[in-house]
Amino acid sequence: MKSYDVVVIGGGVMGTSTAYQLAKRGYSVAIIEQNDIASGTASHTDGATLISDKQPGIDVLQGYHSVELYRKLSQEFSYDIEFSSCGFMYVCETDQEMAAAAEYAAKVRAQGFEMRVIDPKEMCEREKYLAKDLKGGLWTESDGLVNPYKVCFGFVEEARKYGLDVYTKHEVKGIKLGPNNQVEAVITDRGTFLTKKVVNACGVWAPFIGNMVGLNIPIEPRKGMLLVTEKAETIAHTEVLEFGYWLAKFFADFKRPVSELVEKHNVCLNIETTHSGNTIVGGCRLFRGYDLKSEYEIMQAIAERAIRFFPVLKDMNCIRTFSGLRPFCLDHLPIVSGVDEVPGFYIAAGHEGDGIALAPITGLLIAQIIAGEKTEFDATELGWNRFKGKDMAKLAEHPH
Ligand SMILES: Cc1cc2nc3c(=O)[nH]c(=O)nc-3n(C[C@H](O)[C@H](O)[C@H](O)COP(=O)(O)OP(=O)(O)OC[C@H]3O[C@@H](n4cnc5c(N)ncnc54)[C@H](O)[C@@H]3O)c2cc1C
């Protein structure tokens with residue numbers, strides 16, 4: 001029977017980042033993945049590494065540390081993760097959005113991070129294809145992009161240098177606990193792995209792994225859908241989001257001047273042009289269980305919204321569409337923590353629409369917690385203990 005210091009379940013961004021940090025510290029580490037590396041949400045996503053779409057507080061703090069880590073890792077790694085600090089722009093359609101955006105930027109600046117209001121002239125100088133009738137927006141220099149697949153493979157390849165083992169096509173079926181609920185082994189459909197420490201990095205599937213040790217992990221799949229255009233000249237030079245995207249993320253009752261179709265499916269513009277020259281546009285936030293089907297009406301709504309902000313897209317072909325499942329934690333914060341009642345069990349999941357951006361800091365925090373090191377910053381707010389004594393059924397009463 002194989003034996004490891006730590007077994008990481010899940011080969012997405014969280015699992016690979018965590019495995020990298022642990023292997024680098026000298027632990028013997030295995031990733032166990034039911035399919036292939038980056039086969040879950042990490043391959044059904046955009047690659048924005050944003051600080052600026054985070055809520056002021058622990059959210060921004062995680063974003064800031066994570067992007068700094070990306071900057072460092074992209075220089076250290078021999079594997080190219082296509083990290084670029086291309087900058088990030090929020091665009092506003094109405095005066096009401098502009099007022100909310102300015103207030104938000106002031107809060108972000110008060111935390112010591114850069115973000116400023118820009119006028120339509122500067123917006124159009126930065127993005128020549130942007131619609132000319134917008135009210136203005138916000139600009140952040142330091143946000144950027146990565147290639148999510150390459151991030152996962154980059155972490156794996158770099159961690160292999162420190163001895164990481166990877167078991168793909170191994171589905172975890174159970175976790176054996178010993179006296180006092182201490183983790184003893186991970187049971188898969190292809191054998192058992194002895195270990196005293198296991199990290200649950202299973203994204204939207206984290207609750208199933210939690211059930212194996214008697215935990216009710218409050219994560220649900222929140223579906224997103226993206227359209228991909230044919231290759232062309234760069235349409236978006238930066239990452240661009242409509243400010244309504246941020247408002248829709250945190251305030252379900254926020255209303256925009258949009259068509260019934262866009263309203264019905266809660267669609268907001270986000271757009272990025274990848275290194276390969278394809279432009280990816282989205283997106284939406286929907287609760288559809290684990291259903292990954294692309295839905296025609298939503299594709300129409302995404303296209304409508306994208307053309308409203310980037311009219312040039314009207315004359316371009318969409319070559320494919322795909323959906324992904326964001327691991328939405330019911331209180332909006334990821335869980336990055338050990339679990340007192342199950343010694344040796346750790347959770348790195350629930351990052352919703354921020355997992356690509358937050359993977360480096362999450363992996364680092366989990367490794368620091370396991371190693372008993374001082375964490376990068378006080379991460380108590382991300383801890384499992386925050387759910388103690390909480391009525392989980394009440395928590396689940398979010399707007400669907
Ligand atoms: C449309 C869309 C756009 C997005 N855009 C962005 C963005 O621009 N920026 C950003 O930061 N984030 C974005 N996100 C969010 C981001 O993609 C996710 O937060 C992130 O990918 C989650 O990573 P993860 O490692 O937690 O989960 P996953 O990548 O899903 O990894 C979990 C892994 O666990 C494996 N697994 C599950 N159960 C088992 C088992 N029993 N045994 C073994 N293995 C198992 C799965 O196969 C999977 O590979 C977006 C998401 C979507 C859907």
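Trainee: At what angle do helix 1 and helix 10 pack, and how far apart are their axes?

Mentor: First, the ground rules. This is a predicted model, where local features need pLDDT of at least 70, side-chain atom pairs count only at pLDDT 80 or more, and totals for chains, interfaces and linings use all residues. Residues are numbered from 1 along each chain as its sequence is written. Helices (H or I, at least four residues) and strands (E, at least two) are DSSP runs, numbered from the N terminus. Axes are lines fitted to C-alpha atoms, for helices over the stretch in contact, and angles run from 0 to 180 degrees between N-to-C directions. Here, helix 1 and helix 10 pack at about 40°, and their axes are 8 Å apart.

Trainee: Which orientation class does the pair of helix 1 and helix 10 fall in?

Mentor: Angles under 35 degrees count as roughly parallel, over 145 as roughly antiparallel, 65 to 115 as roughly perpendicular and the rest as oblique. Helix 1 and helix 10 are therefore oblique. Handedness is a separate label: a crossing is left-handed if the near helix is turned anticlockwise from the far one by less than a right angle, and right-handed if clockwise. Helix 1 and helix 10 cross in the right-handed sense.

Trainee: Which residues of helix 1 and helix 10 make the contact?

Mentor: Two residues are in contact if their C-beta atoms, placed from the backbone, lie within 7 Å. Helix 1 contributes residues including Val-13, Ser-17 and Tyr-20, and helix 10 contributes residues including Gly-355, Ala-359 and Ile-366. For classes, Ala, Val, Leu, Ile, Met, Phe, Trp, Tyr, Cys and Pro count as nonpolar, Asp, Glu, Lys and Arg as charged, and the others, Gly among them, as polar. This contact has eleven nonpolar, six polar and no charged residues.

Trainee: How is helix 1 oriented to helix 5, roughly parallel or roughly antiparallel?

Mentor: Read the angle. Helix 1 and helix 5 (residues 148–160) pack at about 25°, with axes 8 Å apart. The two are therefore roughly parallel. Their crossing is left-handed. Among the contact residues are Thr-16 and Ala-23 of helix 1, and Val-151 and Phe-155 of helix 5. The classes split into ten nonpolar, two polar and one charged.

Trainee: At roughly what angle do helix 2 and helix 10 cross?

Mentor: Helix 2 (residues 58–76) crosses helix 10 at roughly 90°, and the axes come within 7 Å. The pair is therefore roughly perpendicular. Residues including His-65 and Leu-69 in helix 2 meet residues including Leu-358 and Ile-361 in helix 10. That contact has nine nonpolar, four polar and no charged residues.

Trainee: Which residues come nearest to the ligand?

Mentor: A residue is near a molecule or strand if its C-beta atom, placed from the backbone, lies within 6 Å of it. Of the 42 residues around the ligand, Gly-12, Gly-40, Gly-203, Gly-224 and Gly-355 come nearest. By element, strand 16 gives the most, with four residues. By class, the shell has 16 nonpolar, 20 polar and six charged residues.

Trainee: Which domains supply the shell around the ligand?

Mentor: Domain bounds come from an automatic or database domain assignment. Domain 1 (2–44 + 149–218 + 331–395) and domain 2 (88–141 + 220–328) each supply at least three residues. Their centres, taken over C-alpha atoms, are 31 Å apart. Eleven residues of domain 1 touch nine of domain 2.

Trainee: Which peptide bond is cis?

Mentor: The bond from Gly-282 to Gly-283 is cis, with omega near -5°. Gly-283 sits in strand 15.
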